[in-house]
Structure formats: structure tokens, C-alpha cells
Amino acid sequence: MLTGLVSVSLINQTSSSTVSVRQCPSLFVLANLFSTRDVYHANLNIAALSRAGNVDAARKLFDRMPTKDVVTWNTMLSTYWQNDLLEHSRTFFNSMPLKNVVSWNSMIASCVQNDMLDDAFRYFSATPEKNAASYNAMISGLVRFGRVREAQKLFEEMPFPNVVSYTTMIDGYARMEGGGGIQSARALFDAMPCRNAVTWTVMINGLVENGLYEEAWKVFERMPQKNDVARTAMITGFCKHGKMEEAMTLFQEIRFRDRISWNIIITGYAQNGRGEEALNLFSQMVRTGMQPDDLTFVSLFTACASLASHEEGRQTYALVIKHGFDSDLSVSNALITMYSKCGGIIDSELAFGQISHPDLVSWNTIIAAFAQHGFYDKARSYFDQMVTLRVQPDGITFLSLLSACCRAGKVGESMNLFRLMVHDYGIPPRPEHYACLVDVMSRAGQIQRACKIILEMPFKADSSIWGAILAACSVHLDVKVGELAARRILNFDPFNSGAYVMLSNIYAAAGMWKDVNRIRVLMKEQGVKKQKAYSWLQIGNKTHCFVGGDPSHPNINDIHVALRRITLHMKVKGDCEEIFV
């Protein structure tokens, strides 16, 4: 009965040759004693040992089995590749007397998992009878390595693509660079005969990652049975779009919030400049018993940086140490940035010094910290150190150095760095690099030279570049170029109040009062309102916010008295210094 149900083969332990049951009647009795049920349970035990990572025990059990079916062989094959033993998988596969489509699919999956896509394709091509899983394994591998066009060709060759095939291709299209990929993903999604929850979620996530938040929301609303993964993807979209109220509404709909959903909402508030709410959410997360991870602390440091709260940052760092993340590289890099943005550049340097093996991001972070504080020599010193240690700089490294040049007014050094970046390191300049060059030259009064760089740029200047020119024209009173710069900025953003105000100031400094009045009338007609300046000050655990022209602070009278007193002291000090010079 057993031989009628399964193909039976035995391995002779001494000669390693395959022996047929029909050739050895005495073994026929042994095979029948080892029933189909025994084979089934042995297969389950091999699989369990595989999941536990106990490959040797799985192989011993396999070798002791007098009867093996094709499932036995496939389970042992999977044991090898799922435990990263690819070469053992190959050898074992070649020795298998019984193979079916699952065996071939295992080898395809094994090669894909080990980043050997060409080998995977050879197994795929050699598979005698392919099924949907064969195609899906190969397509997913091609998509994973960005070879979407090859994946598309296989998909089109599939006799009967299933929901997994469609979903994999949608994911691949959505990840393609350029505008066409997401359109192809959406077209394939709309053409699908049936969709599952994963398909809906992949489509929503793809639209979010491509910045199509409104379209992602429309797809989400159409989703028949919304799950928490789709909600989390949509929360990410709202956070990136700055719609934190909508993000919070969806977050509250998640019944069982995991660490991922907490991290996303905390990060959203932190990156949208709402640090206090981010810190409050972290407190709620801890109260639920959820433990923070490295991403949580990175977001908390971002929140502290947005508040410029050095004290909150120190308290967060104490939690980092408590939870054992003080040696985590991403957390340490975020700590450097937080200290820098809170004014603690010395603490930033100390935090960098505690990193045993800084990566490129670490070096870029400390260079950017000194650049933001105007310490060009320190920024350049760290750059020289990283080059000495053979850490290859990137475009961000040079952007920080050029930014430091701007603050230090080093025109010649900025040009040298630009040439070093392009010619020695082969890094293509981005608009931000040109903006730094234009800025440093404009600040130095070299406005015509800055304009020449704009004309020689390989791409069209954006509003930030023209903004640097306009600011320089305001300082150096160049009306003609200032008008040109303001026009270009307003072409990008007709409601940019800064451009109107700066141009008005240029006219006023030049005594062109008719033009000043014209700008004011134009702003009124266009409905452009001047943005109010604001600042804040932390005293103890309370943050005091001040908005230009707003007298609503409860201690406003005392503040004005103190300001008058400080102003008087400054004047007296200034007069004294003039006397003793």
C-alpha cells in the first residue's frame, strides 16, 4: 500500500547509492513498517528543526528515515537555503532522486535570497514545468533588484498570473524612478480582475511614496476592508503632506497600535515642526507599555531640535542610555544634530567623539553642525580628517562645506571646493551647490559674477538661488538686478511675501517712493500678506512664544521695561567703548 502512495527510495549509508524497494524484498518490510503517517510527522519535525536553525539535527533525522517522499526531500532542501547554506542546497538538489516543481522553486528562491539573480534565472529556465509560484519567485527577485522591465517581460509571458503576480508588478512599477512607473502601477491595479488587502496596501503605499497623496487617499477610501497596514501607509502620506490632523484621525482608528505606527506619527509631528506634540505622543506610547527603538529616539531628537530645547534633548539622551541605544549609530548621528540645533556645538563634538566607527552620515553631520554655526575652519578640519581616513565624501559633505564658506565669506575657498567636488571626486553639482556659490558671491558684493554663474548653470535657477541674489541686492543696493530677481521669484511663487518686502526695501533705500507705494498696492491687490516674525524662549519647563506686533503675553509690560533697560545698557556700553577707542 505504501509503495502505491509514494515513490520510495532509500539511501545506503555505506555506499551512498540509491536502492529501489522492489530490488530488495527485505527492505520492503522495513518500508511498510515506516508508514505514510510516520513520513508525514518526520517531515514536520524536519521543518520544525529548520525553523529553529538546527540544521545538523534536521539532517540526522532525514538520514535516519528509511522511507522518504518528495516532500521529505523538498523540506530538507528548504532547510539548507532558509539557513543561508546555498552551496549545501545546490549539492543536495543535484543529489535528489525525486524532484517536482516545488524543488525547482526552492532553488530559484534560494538564489534570489542570496542575491544571485542570474543563477536563479538559470534554474527558472531549466524548470521542466513552471507554475505561478515559479514565475512569482523570479519576478519578485527581478523587482527587488530594480530590473522591472525584465520582470514585466516574464509577467507578460505568464499563462495565468495570479493576485501575487499582479501585486509584485504593481510594487515594481511604483518603485521605478521617473514619472511613468506609478502610472503603469495604477493602470495595472485598475486592470486587475481581483485584488486582496495586500494589493490595496501596495498601491496606496506606492502613491504615497511618489508624492501623490490625494490620489492615495481616494484609493484608500475605495478599499473595501481597510486594515491597519493600509492605515499606516496613509498616515505616512498625511505626515509627508503636513496634514497632521488627518494623520491623527487615522492613527486613532488603529485599534492595536504597534511600534511602527507610533514611530510614524511621532516622526510626522517632529518633522512638521510640532515637537511638543511629538514628545507628548511619546509619553502616551510609553504609558501603553510599548518600548521605544532606535527610530523612536531619532524622531525624539528631531522634535527636541525643532523646539531648540537643549534640556529636553538631554532628558531624551538619558532615556537613550537607559534603553541601551547609546551606541546605535543612527541615534548618535541624530544626537549630534540635536545638540547643534539647540546651540550646543561643544556637546555635538563630544557626541561625535563617542562614536567608535563613524560612517559617512556621522562625518557629514558633524561637518554640517560646525558649518551651521559659522565655524568654517573646524568644518574643514573634520573634512580633512575623513579624507585622511579614506572615507569618500559625497554631495552632502561639499554642500555643508560650501554653506560654511557662505557664512565665513570665503569666495575663493568656495570655488576651490566646488572644483574639488566636480573634478577630483566626480560628484555632479546640484542646484543647492550652485545656490551656495551664488550666495557667497552675492554676500561679497560680486553680484555680476553671481549672475554669470546662474547663466552658466546646467539647469534653470530656482527661487532659492534668486532669493540669494535679491538679498544681496538689498544689501548692496542694486535696483536693476533686484527687480530681475524679484520677478523670477514671483514667477515661481506669486504669493511670496518676502520677495515683495525685499524689493520694497530696495526701492525705499534708493529713495524710489513711488515704486514703494506701487509694491504695497500690488501686494494688497494680490492678497499677499507679510509673514509675521516669531521667536520663543524656554524658561524652566515652559516655552514662551512671541509674535511680531502681538502684545498678548501676560507679562508684556515687564518685558518692555526689561528691553528698555537692556537697550540703555547697550547704548551706555557703546558710548564707553567709543570714548576709550
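Reader: What percent of the chain over residues 394-429 is helix, and how far apart are the end C-alpha atoms?
Author: Residues 394-429 are 78% helix and 0% strand, with the end C-alpha atoms 10 Å apart. Helices (H or I, at least four residues) and strands (E, at least two) are DSSP runs, numbered from the N terminus. This is a predicted model, where local features need pLDDT of at least 70, side-chain atom pairs need 80 or more, and totals for chains, interfaces and linings use all residues. Residues count from 1 along each chain, and side-chain values use heavy atoms, without hydrogens and water.

Reader: Where does UniProt put the "repeat: PPR" feature?
Author: The unreviewed entry lists several stretches, including 196-230 and 394-429; such annotations may be inferred rather than shown by experiment.

Reader: OK, helices. At what angle do α26 and α27 cross?
Author: Roughly 165°, with the axes of α26 (residues 411-424) and α27 (residues 431-443) coming within 9 Å. Axes are lines fitted to C-alpha atoms over the stretch in contact, with angles from 0 to 180 degrees between N-to-C directions. The two are therefore roughly antiparallel (the cut-off is over 145 degrees).

Reader: Which residues meet there?
Author: Among them, F418 and M421 in α26, and Y434 and L437 in α27, where contact means heavy atoms within 4.5 Å.

Reader: New topic: how many aromatic pairs are there?
Author: The count is 25, pairing Phe, Tyr and Trp (six-membered) rings with centres within 6.5 Å. The F189 and W200 rings have centres 5.1 Å apart and planes at 85°, so that pair is edge-to-face (over 60 degrees).

Note on methods:
Angles under 35 degrees count as roughly parallel, over 145 as roughly antiparallel, 65 to 115 as roughly perpendicular and the rest as oblique. Rings of Phe, Tyr and Trp (its six-membered ring) pair if their centres lie within 6.5 Å; planes under 30 degrees apart count as stacked, over 60 as edge-to-face and the rest as tilted.
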